[in-house]
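Dear colleague,

I am handing over the structure below, and after it you will find an account of what came out of going through it. Please read the two side by side.

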Amino acid sequence: MASSASSVFSNRQQRDSCAFCFDVLHNHLKAQDLAHKQIPDPDLPNGKFPLFVTWKIFDKKRSYWKLRGCIGTFEPRHLNQGLKDYALISALKDSRFSPISLPELSLLSVNTSFLTDFEDAKDCMDWKVGVHGISISFSVQYKSYSATYLPEVCPEQGWSKEECLDSLIRKAGYQRRIHSKLRSSISLTRYQSVKTSMTYEEYEKLRDER
């Protein structure tokens, strides 16, 4: 499962997908032609994949990476165009944050996540921490709720399955008491991802080598 998903993408393709996102954001923020150093459209697999682009920024005071924007789509997209779109959407249009600005650029890292191996779970606990991302949906009094966490979220937060699920219920917008009957009503889809990360420092080094 995880190994078969990873084998779809070579190491170079994974690396270039991140560098390409930096190219797109760099060009947008600096509004200048970088063609002499620009990494070309990555030679990614021809198929369509759901994808997410996540930006993080290094907090110098606390010495850790904090979320700066994360948006993606579960609709399968051609990867080159999907990365072009979501590199900017996640950087500029995540409603939880102000748009990323030029002075922040050198402090950023980017993660690309290509989603694979979607499966309907038997119940809301039928998934593995650190292996699966989860997408939930449920209805209460004719109102529908849905939300997702990528595979890395739960282990990064140090959550148990129960804590992760309850956090995701809150993320979906449900604010009333969470009880076992509610959890048993949840439809859960589990999935895996091919995730790659790159810092701006690594990106600049790659550009200088080309």
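I begin with a helix pair: Ser17, Phe20, Cys21, Val24, Leu25 and His28 in helix 2 meet Asn80, Leu83, Lys84, Ala87, Leu88, Ala91 and Leu92 in helix 3, where contact means heavy atoms within 4.5 Å, and helices (H or I, at least four residues) and strands (E, at least two) are DSSP runs numbered from the N terminus. The residues of this contact between helix 2 and helix 3 divide into nine nonpolar, three polar and one charged, with Ala, Val, Leu, Ile, Met, Phe, Trp, Tyr, Cys and Pro counted as nonpolar, Asp, Glu, Lys and Arg as charged, and the others, Gly among them, as polar.

This is a predicted model, in which local features need pLDDT of at least 70 and side-chain atom pairs count only at pLDDT 80 or more, while totals for chains, interfaces and linings use all residues. Residues are numbered from 1 along each chain as its sequence is written, and side-chain values use heavy atoms, with hydrogens and water left out.

As for geometry, helix 2 (residues 11-30) and helix 3 (residues 79-92) pack at an angle of about 55°, with their axes 9 Å apart; axes are lines fitted to C-alpha atoms, for helices over the stretch in contact, and angles run from 0 to 180 degrees between N-to-C directions. That angle makes helix 2 oblique to helix 3 (under 35 degrees counts as roughly parallel, over 145 as roughly antiparallel, 65 to 115 as roughly perpendicular and the rest as oblique).

Turning to the strands, an open sheet of six has the order 2-1-3-6-4-5, with antiparallel pairing, two strands being paired if DSSP finds at least two bridges between them. The edge strands, each pairing on one side only, are strand 2 (64-78) and strand 5 (143-149). Helix 5 (residues 161-171) packs on the sheet, touching strand 4 (133-140), strand 5 and strand 6 (187-199), and its direction makes about 125° with that of strand 5.

Eleven bridges join strand 1 (residues 48-59) to strand 2, and Ile57 stands opposite Lys66 in strand 2. Strand 4 and strand 5 are joined by seven bridges and form a hairpin with two residues between them, Gln141 in the turn having a positive phi of about 50°.

Lastly, Ser113 lies in strand 3 (residues 108-120) and is buried, because its relative accessible area is 0% (buried means under 20%, exposed over 50%, partly exposed in between, with a 1.4 Å probe and protein chains only). Leaving aside neighbours within four places in sequence, Ser113 is in contact with residues including Pro50, Phe52, Glu152 and Val194.
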